[in-house]
Amino acid sequence: MENVYVVENSVKAKEKIDQLMLQGYTKDEIYVIAHEPDLTDKLSENLHVNQVGMEEEGILDKIANVFRSRGDELRNQFENLGLTEAEADRYEAELDKGHLIVVAKK
């Protein structure tokens with residue numbers, strides 16, 4: 001089951017992550033995604049949570065993402081976390097607005 005949250009900044013992301021941990025999620029079950037890959041890396045490292053990687057994407061998607069636009073790559077990552085195509089479109093649009101996405105997945 002996926003729980004997806006749109007947050008405005010890293011402070012709000014940390015608050016949401018803390019809430020999710022109180023609900024029983026582990027840091028390995030929580031993902032933070034930003035539009036810029038460097039920001040995603042920085043946030044996941046600083047907040048000690050997961051980021052979409054080989055385990056979620058698989059080798060073929062990981063390779064294909066090298067050739068995709070950032071928007072296509074992000075939508076693909078959302079779908080690999082279990083979201084529908086419509087949900088992936090919606091949350092990628094939120095990233096375009098500068099928001100962050102926190103996904104909790106059991």
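Colleague: Let's start with aspartate 72 and arginine 75. What do their side chains form?
Modeller: Their side chains meet in a salt bridge, at 2.4 Å from N to O. Keep in mind that this is a predicted model.

Colleague: Is aspartate 72 buried, exposed or partly exposed?
Modeller: Aspartate 72 is partly exposed, because its relative accessibility is 35%. The cut-offs are under 20% for buried and over 50% for exposed.

Colleague: How many salt bridges does the whole structure have?
Modeller: The search finds seven. One of them joins the side chains of glutamate 15 and lysine 12, with 3.9 Å from N to O.

Colleague: Which helix holds glutamate 15 and lysine 12?
Modeller: Helix H1, residues 10-22, holds both. They are three residues apart, about one turn of the helix.

Colleague: And how accessible are glutamate 15 and lysine 12?
Modeller: Glutamate 15 has a relative accessible area of 38%, so it is partly exposed. Lysine 12 comes out at 39%, so it also counts as partly exposed.

Colleague: What about lysine 106? Which residue does it form a salt bridge with?
Modeller: With glutamate 29. Their closest N and O atoms are 3.5 Å apart.

Colleague: Lysine 106: buried or exposed?
Modeller: Exposed, because its relative accessible area is 52%. The cut-off for exposed is over 50%.

Colleague: Changing topic. Where is isoleucine 101?
Modeller: In strand S3, residues 100-105. Isoleucine 101 has 0% relative accessibility, so it counts as buried.

Colleague: What does isoleucine 101 touch?
Modeller: Leaving out residues up to four places away in sequence, its contacts include Val4, Val6, Val32, Ile33 and Phe78. Tyr91 and Leu95 are also among them.

Colleague: How far is isoleucine 101 from tyrosine 91?
Modeller: They are 10 residues apart in sequence. In space, the distance is 7.3 Å from C-alpha to C-alpha.

Colleague: Back to charges. Which residues gather in a patch of negative charge?
Modeller: Glu36, Asp38, Asp41 and Glu45, on the surface. Glutamate 45 lies in helix H2, residues 37-47. Its relative accessible area is 59%, so glutamate 45 is exposed.

Colleague: Now zoom out. How many helices and strands are in the chain?
Modeller: Five helices and three strands. Starting at the N terminus, the elements run β-α-β-α-α-α-α-β.

Colleague: How many residues does the chain have, and what share counts as buried?
Modeller: The chain has 106 residues, and 42% of them count as buried.

Colleague: Last one. Among contacts between residues at least 6 apart in sequence, what share joins residues at least 24 apart?
Modeller: That share is 58%.

Conventions. Residues are numbered from 1 along each chain as its sequence is written. This is a predicted model: local features need pLDDT of at least 70, side-chain atom pairs count only at pLDDT 80 or more; totals for chains, interfaces and linings use all residues. Side-chain values use heavy atoms; hydrogens and water are left out. Patches are made of residues with over 30% relative accessible area and no salt bridge: like charges are joined within 9 Å, nonpolar side chains (Val, Leu, Ile, Met, Phe, Trp, Tyr) within 5 Å. Accessible areas come from the Shrake-Rupley method with a 1.4 Å probe; for residues, only the protein chains shown count as cover. A salt bridge is a side-chain nitrogen of Lys or Arg within 4 Å of a carboxyl oxygen of Asp or Glu. Lys and Arg count as positive and Asp and Glu as negative; His and the chain ends are not counted. The place of a charge is taken as NZ of Lys, CZ of Arg, CG of Asp or CD of Glu. Helices (H or I, at least four residues) and strands (E, at least two) are DSSP runs, numbered from the N terminus. Buried means under 20% relative accessible area, exposed over 50%, partly exposed in between (1.4 Å probe, protein chains only). Contact means heavy atoms within 4.5 Å.
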